Every structure is written in structure tokens, then in C-alpha cells.
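Hello,

Here is the structure I promised to pass on. Please open it first, then read the notes that follow.

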Amino acid sequence: MKIVHISAECYPMAKVGGLADVVGALPKYQKNAGNEVRVVVPCYDTKFKAENVFETVYAGNVVLGNFEFPFNVLKEATDKLGYELYLIEIKQLFDRPNVYGYEDDIERFLSFQIATLDWILAENTIPDVINCHDHHAGLIPFMLQFCYKYEALSGIRTVITIHNGLYQGWFSHDKMHYIPEFDVRHAGFLEWDNALNSLAVGIKCADAVTTVSPSYLDEINVSANGLESLFNKVRSKSKGILNGIDIELWNPSTDKMLEEHYDIDNFDFGKQKNKEKLCERFDLDPAKPLFSFIGRLFDEKGGDLLPQASVLSLSENFENINILILGSGNPDIEEQLLQLRDDYKGNYNVFIGYNEELAHLIYAGSDFILMPSRVEPCGLNQMYALRYGTVPIVRRTGGLRDTVIDFGDNGNGICHDQSSVGDVCYSINRAVKLYDEKDHFKEIIKRGMATDHSWESVCQEYIEIYNQN
Ligand code: ADP
């Protein structure tokens, strides 16, 4: 089967969060299963782009209303990623360091989608399926069906995978003319709640909708930033498929970013060495349990709970724990977290920013990972943590509900129900007690490390969706 993934992110080319990890891994496993797989992402000015070799396979001009931008399609020359990676190079729009956050994001991602389809059309090797990821590729199913110039591609099956339904790619009616000419009788597909909504378009027009966990699919039928009724309507063509993880990249026995390698049989020594390295760097005490957070510092992730939960937990436990936070996002939360450094020197630290290597070391060297998320479509951190022998402390929501079971129920982690400072502190207190029951703690770590979250066991579910009529 010929599969094309279209996405704004793909690790290692461009990563902001879990979308990149999924689009960087699922295609590899689909290719291993015998499919022809391509991934198409915009050509940002990233480290990966600068350090790798690409060949130009197509050149064209993308028309966006009255604007016209020259574009190139670049192919990663060595195929070392395990699938074919193509970059859509539109210099005026994407030759910038960040993936998102520009005033012209609508123009950027619309041009990306149009250029991608122009290239697929010109190349004349029609894929069987296009898997669109999130709203940045949400207009593709509409354009394939209704834009005159893509008529030859209208037989391609389309699937939209929702990694995060909060962000929807809204734009105003005066930008409708950016979309290549289509039969205006179908303009209604573009609209949702008095705006054009890229995610809603994808959900309406794709042949199938997937979410990145079964529980998240249930939840967005009740709460989805305004799209609840739409999700209800398309329930029969929707499926929640739990994300996998790339077990080659995320492997504590080979991970180059770690201080010491280990596996399920010798994690004690290996984890301690990584913890010592981490504690040395952040002025923490390796004899105390280490609670870490890695992620975007937004309310969605429960980032707003972290400052107060840290203060209360550190005070209640007479500073007998360590807390380490890696992330960036809301400047208020960042500021509050930074301010705590002086008050809890030696027990608390924070790194504001994005750092892939540090994240790996934190998964390996921590005892517990905090995930107090309000919304978590799947969450990958808990799966990496489990694989690295770090016990996840999660709020039961979305994919966290599907992957973490409380140790009180013979599970692999610690769970609470509310997004509240009280619940987070209560879970930390339970964790401190568990940490002191060494044998029990080890048993839970082992149970987590033994869990199989590899893509191999999940990737067939996508193929089934691609094959459905
Ligand atoms: P998201 O909603 O942000 O996509 P996920 O749990 O699905 O959340 O994926 C988060 C991914 O991003 C993980 O690979 C995690 O390690 C990584 N990550 C998040 N924030 C940072 C950071 N500040 N530095 C390094 N890696 C990070």
C-alpha cells in the first residue's frame, strides 16, 4: 500500500511535541510491514535540515489567492530514517527556526498543503491513502474532493488523525479565496461556528477520523473546544488508536543521551548513575526521590499547578524530595517556577526551554514523572517513563487513563482524578511512601518496564482503517 503522511512536525526534522514523535515513528513501522511510506513536512530552518543532505525532486509555484510563492520538494537523500522524508521548501514562508507561532501561520500551512497536492498531482504516482495529521493538514481531504484541479486525486482515501483537538486552525472568510477553485456549493464544509475551521473541515471530509487514544475519543464527544457535536456526528467513522513509541530510539539499553545504559534486569545501578548525573547538574541530592516534569507549560498540561504543588510538597516533606522541571510555555508559569529556585535551593530546579538530550536523561534518572494534565490526547511522556523505569504520576484523562493504572490496583503508576494542587500533592505523598518500600517500588518499576507500547503492535490498526471502505 502507498501511504503518504502529511504533518507540520516529524522527528528528527522538526519537533515541538508528541506529533513529531508519532509522525517520525509510525511510518517506519508501516514501511517495515511492507508498505511504501512517505512523510511530507514543511522545510523549516532546523538543525536537522542544516546537517543533512537533500536532493530536489520537484520545483513549482504555489498560488495563494493573489500571491505566488516558488517552492521546491526536497527528499532526504539517504533514506536513513526508515521511510522517505520530503520537505516542502517555500523559502518566504518556512525558512524560519520555529514550527508555529507566526502571524502568517494560516498562509504558511495553506501553502504547504496546496504545494504538497500540486506535487503529488504532477508526480503522477497516486498514493492509496493520505494520512493527514492535525489541522495543519486538515484542508487536504476537502481539496482532494472539491477543488477542480485535484480531480485526478479524488479517489485517494483520506484519514485525519487528531493529536490535539484544542488547536483547530481557524481563519476568516476573507481568506477562503486562498483555496484553489472549488464548487461553491460545497463551501459549507469549510465552515464551523462562523469561521473557517481547518480541523473541522478535515473531520467532515476525511473518510476516517482517528484520535491518538480510545479515551480521548470518548472525551472529545463531550468536550472538544466547540467541536463536540461534530465529533458525535462522525462517530461511526472514528476510531481511537493508542499511540505507540519508537522502541529503538527510546531504549535505555542503547540510548546515546544517557550517562549509563540499563535494562529491566539491572535498572537499579543504571538509573542511579543517570540520577547522579542529573542531580549534579541541577544541584539536587541523589539520595532523595526525584520527581520530574517534562512538557509544555500550559494549563492544558496542568503546568499552572506545578508552582504551588512544588511549594506544598517540598514543605510538607520537609524538603525530603527533589523536584526538577523541564519545559517552556506560558511566561507567568515560567516566572513562578523560576522564582522558586532560590527558596528551595538543593531540592528544586527548573530548566526553561526545549532540550531533547536533557529530556532523555530525565526519563532515565528520575524516580517519578509528573503529568497533572487537564487534557492529554495520548501523552507519550508516561510511555517513555515506563520504559525507562520511572513511575508516572498522572491525572486520569485521555491516553493517561488508557496507559497508567494505579499501583493500588496492581498497576504501573500513581493516578488521581482531579486537576488540582491537592490531588498532585496527595499523589506525591503516596509516591514518597512507595519510594521507601524498596521491594514494592522495584516491583512496580519492573511492571512498567515490561509493558509493551511498541508501534509494532499498533501499526496494523492504522492499516485496517486505511483499508476500510
Ligand atoms: P504534547 O501534547 O506536547 O505533544 P506528548 O506527551 O504527546 O505531549 O509529547 C511530548 C513530547 O515532547 C515528548 O517526546 C517529550 O519528551 C517532548 N518534550 C516536551 N517538552 C519538552 C522539552 N521542554 N524539552 C525536551 N523534550 C520535550
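**What was found**

Glu319 has a relative accessible area of 32%, so it counts as partly exposed. Glu319 sits in the loop between helix 10 (306-316) and strand 14. Its phi is near 60°, a positive value in a residue other than glycine. Most residues other than glycine have a negative phi, and most peptide bonds are trans. Please keep in mind that this is a predicted model.

Asp134 also has a positive phi, of about 60°, although it is not a glycine. Asp134 is in the loop between strand 6 (129-133) and helix 5 (140-146). Is Asp134 buried or exposed? Its relative accessible area is 6%, and the cut-off for buried is under 20%, so Asp134 is buried.

There is also a cis peptide bond, which joins Tyr11 and Pro12 with an omega of about 10°. Pro12 belongs to the loop between strand 1 (2-6) and helix 1.

**Domains and ligand**

The domain assignment gives domain 1 (2-244 + 456-467) and domain 2 (267-449). Their C-alpha centres are 33 Å apart. Where the two domains meet, 19 residues of domain 1 are in contact with 16 residues of domain 2.

Some polar atoms can be named on both sides:

- Asp21 places a polar side-chain atom 2.7 Å from an oxygen atom of the ligand.
- Asn355 has a polar backbone atom 3.0 Å from a nitrogen atom of the ligand.
- Tyr363 has an N or O atom in its side chain that is 2.7 Å from an oxygen atom of the ligand.

On its own the ligand has 570 Å² of accessible area, and the protein covers 93% of this.

**Helix 12**

Helix 12 is mostly covered, with nine of its ten residues buried. Among the buried ones are Glu356, His360 and Tyr363.

What do the buried residues of helix 12 pack against? Their partners are helix 9 (267-282), strand 13, strand 14, strand 15 (348-352), strand 16 (368-371) and helix 13.

Asn355 caps the N-terminal end of helix 12, with a side-chain oxygen 3.2 Å from the backbone nitrogen of Glu357.

**Phe291**

Phe291 is in strand 13. Its relative accessible area is 0%, so Phe291 is buried. Leaving out residues up to four places away in sequence, Phe291 touches Ile321, Asn322, Ile323, Leu324, Phe368, Leu370, Ile393, Ile428, Ala431 and Val432. Phe291 and Arg430 are 139 residues apart in sequence, while their C-alpha atoms are 12 Å apart in space.

Regards

Notes:
Residues are numbered from 1 along each chain as its sequence is written. This is a predicted model: local features need pLDDT of at least 70, side-chain atom pairs count only at pLDDT 80 or more; totals for chains, interfaces and linings use all residues. Side-chain values use heavy atoms; hydrogens and water are left out. A polar contact is a pair of N or O atoms within 3.5 Å; within protein, one must be able to donate a hydrogen and the other to accept it, and residues adjacent in sequence count only if both atoms are side-chain atoms. Accessible areas come from the Shrake-Rupley method with a 1.4 Å probe; for residues, only the protein chains shown count as cover. Buried means under 20% relative accessible area, exposed over 50%, partly exposed in between (1.4 Å probe, protein chains only). Helices (H or I, at least four residues) and strands (E, at least two) are DSSP runs, numbered from the N terminus. Contact means heavy atoms within 4.5 Å. Domain bounds come from an automatic or database domain assignment.
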